[in-house]
Amino acid sequence: MKPTHKSYFVRIFMLTKIILMIASTALLLSGVLFLLIAYVEPTITAPSHLMLVVETSVKGLYRWLAEFGLIILSPSIALLLIEVISRLRHDSLSNFWRSICLTLSFQRFLNQRERNEISLDKQTKQAMNPILKDFNKAARRCVIDITNKQTIAFIKVPQSQQAHKILKEMTEQIKEELSSHNPQYYFSEPERIKNTLWYIGTKRD
């Protein structure tokens, strides 16, 4: 079955993931600053002008981070809520949860970890192979959407020819991995559409 368009889950997953990561980081830093203020403030008996300026700045940063984190968290919650309502009406929440878990798992599965050693001024440093870096950039955008009717695996094709070759060599391995996690679905050969690769799993009778 040829995919005609991205499902809602495929379209929002990466955007929601990025927003949640930014919001979580902002709220975590805000929490750290709050604890720092709560710990240090009682110990200051006679604060100088500089200390008051620093304290005011830290409190301002703490509030800004908290507000920023909550503000950008709102749209991601709204996007997820739409998907949850849709799943409750037309599919199931278990498939929604499985889609998230399998997507994250598959992104790790596709990730390539080889590093090259570079000598600079008699010092050896490790650097990511640029080909693998390009491949991993595309792999991080992989999304798997599981529904009662079918399973869709969306994979972005890397830009460079060498990274594209790695993906091509993994075609059968990817199919086997998808099948092992979804034995109740039959996966056809991948379909290349422009700069994307699609695996469609049809539920067995």
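What does Leu36 count as at 45% relative accessibility? Leu36 counts as partly exposed (buried means under 20% relative accessible area, exposed over 50%, partly exposed in between; 1.4 Å probe, protein chains only).

This is a predicted model, in which local features need pLDDT of at least 70 and side-chain atom pairs count only at pLDDT 80 or more, while totals for chains, interfaces and linings use all residues. Residues are numbered from 1 along each chain as its sequence is written, and side-chain values use heavy atoms, with hydrogens and water left out.

**View 1. The whole protein has six helices and seven strands.** Helices (H or I, at least four residues) and strands (E, at least two) are DSSP runs, numbered from the N terminus. Read from the N terminus on, the order of the elements is α-α-α-β-β-α-β-β-α-α-β-β-β. The protein has 205 residues, and 35% of them count as buried.

View 2. Patch residues have over 30% relative accessible area and no salt bridge; nonpolar side chains are joined within 5 Å, like charges within 9 Å. Leu36 lies in helix H1, and its relative accessibility of 45% makes it partly exposed.

**View 3. Six residues gather in a surface patch of positive charge: Lys6, Arg11, Lys133, Lys137, Arg140 and Arg141.** Lys and Arg count as positive, with the charge placed at NZ of Lys and CZ of Arg. One of these residues, Arg11, is found in helix H1, which covers residues 8-40.

**View 4. The side chains of Glu83 and Arg87 meet in a salt bridge.** A salt bridge is a side-chain nitrogen of Lys or Arg within 4 Å of a carboxyl oxygen of Asp or Glu. For Glu83 and Arg87 the distance from N to O is 2.7 Å. Both residues belong to helix H2 (residues 49-90), where they stand four residues apart, about one turn of the helix. Glu83 and Arg87 are both buried. By the rule above, the count for the model comes to four salt bridges.

View 5. Asp91 is buried, because its relative accessible area is 18%. Arg87 has a relative accessible area of 3%, so Arg87 is buried too. Asp145 counts as buried because its relative accessibility is 5%. Through salt bridges with shared partners, Glu83, Arg87, Asp91 and Asp145 are joined into one network.

**View 6. Cys101 is partly exposed, whereas Cys142 is buried.** The relative accessible area of Cys101 is 32%, and that of Cys142 is 0%. A disulfide is a pair of cysteine sulfur atoms within 2.5 Å, and the count by this rule is zero.

**View 7. Lys194 has a positive phi although it is not a glycine.** The phi angle of Lys194 is about 55 degrees. Lys194 lies in the loop between strand S6 (191-193) and strand S7 (196-203). Lys194 is exposed, because its relative accessible area is 74%.

Technical notes
Areas by Shrake-Rupley, 256 points an atom, 1.4 Å probe, with all protein chains shown as cover.
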